[in-house]
Amino acid sequence: MIELSENGLKLYRFPNLSGCPGLVHGVFTRIGGNSPPPFDSLNMSTGAGDDAERVSRNRNSVATCFDSRPILFLNQIHEDDILVFSSDDPAPDPAKKRRGDAMITNRPGLLLAVKLADCQGVILYDPDQKVAAAVHSGWRGSVINIIGKTIARMETEFGSAPENILAGISPSLGPCCAEFIHYKSELPESFRPYKDGRDCFDFWQISRDQMTAAGLLGKNIEIAGICTSCRTDLFYSYRKEGRTGRFTTVAGII
């Protein structure tokens, strides 16, 4: 990934997506915000108890990296609700509360954001139809294949051809730390090939395989390969820290 510093914030971009002139995106770290411990410092969520005003200032700091364009956040519920924001519809109100775990848009100037602390923030972009998606996929999202369902919605709503879609998987819980003691009751048997001898699962590979099963080309998929549990100096990790903040992955059309 490409490491950058903008407006006092530390962030990363995917090389494959950075070459797309119609897309802006960024994976922001926990560094450069206003929140005190245990949310230090660029926390994007009030859900764990951080002050709403500090979170608002943090979100505004992220927006300044994109010319202060509006950013949509969701109340993420670990389900398969996918919200679509078409350029044919009225502009969505960023202040409106919405539930879901994925968003798709072809509206220029609109940014889509997911909040993360071990879950994957997945960016999907179709450069032909100029359609972008942001997906929140934790282990529950993997079980219900939220990524594959989002790709299918890009096809039906905007005519995206999966073989043209580019993808990036954010820093998230890696195969080194994704231990599931109760995997027999929590995860489907089809996930067993992704398990090692320590009962740790490779969700990076699971997501990659779900994408290729949906029609994406392997060469168009980039995995950050950074484990959030191992790198709490850069990212929040619920698995490692418990009460903590949420970093964000952002994508939008220009």
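Residues are numbered from 1 along each chain as its sequence is written, and side-chain values use heavy atoms, with hydrogens and water left out. Because the model is predicted, local features need pLDDT of at least 70 and side-chain atom pairs count only at pLDDT 80 or more, whereas totals for chains, interfaces and linings use all residues.

A pocket here is an open set of points on a 1 Å grid over the protein atoms alone, where a 1.4 Å probe fits, with protein on both sides within 12 Å along at least five of seven lines, and its lining residues have an atom within 4 Å of a point. A volume is the space filled by probe spheres set on the points, which are joined across faces, edges and corners.

| Pocket | Volume | Lining |
|---|---|---|
| Largest | about 700 Å³ | 28 residues |

Asp 51, in the loop between β3 (23-28) and α2 (52-64), is partly exposed, with a relative accessible area of 35%, a class that runs between buried (under 20%) and exposed (over 50%), for a 1.4 Å probe and protein chains only. A polar atom of the Asp 51 side chain lies 3.1 Å from the backbone nitrogen of Arg 54. From Asp 51 to Leu 83, 32 residues apart in sequence, the C-alpha to C-alpha separation is 27 Å.

Notes. Helices (H or I, at least four residues) and strands (E, at least two) are DSSP runs, numbered from the N terminus. A polar contact is a pair of N or O atoms within 3.5 Å; within protein, one must be able to donate a hydrogen and the other to accept it, and residues adjacent in sequence count only if both atoms are side-chain atoms.
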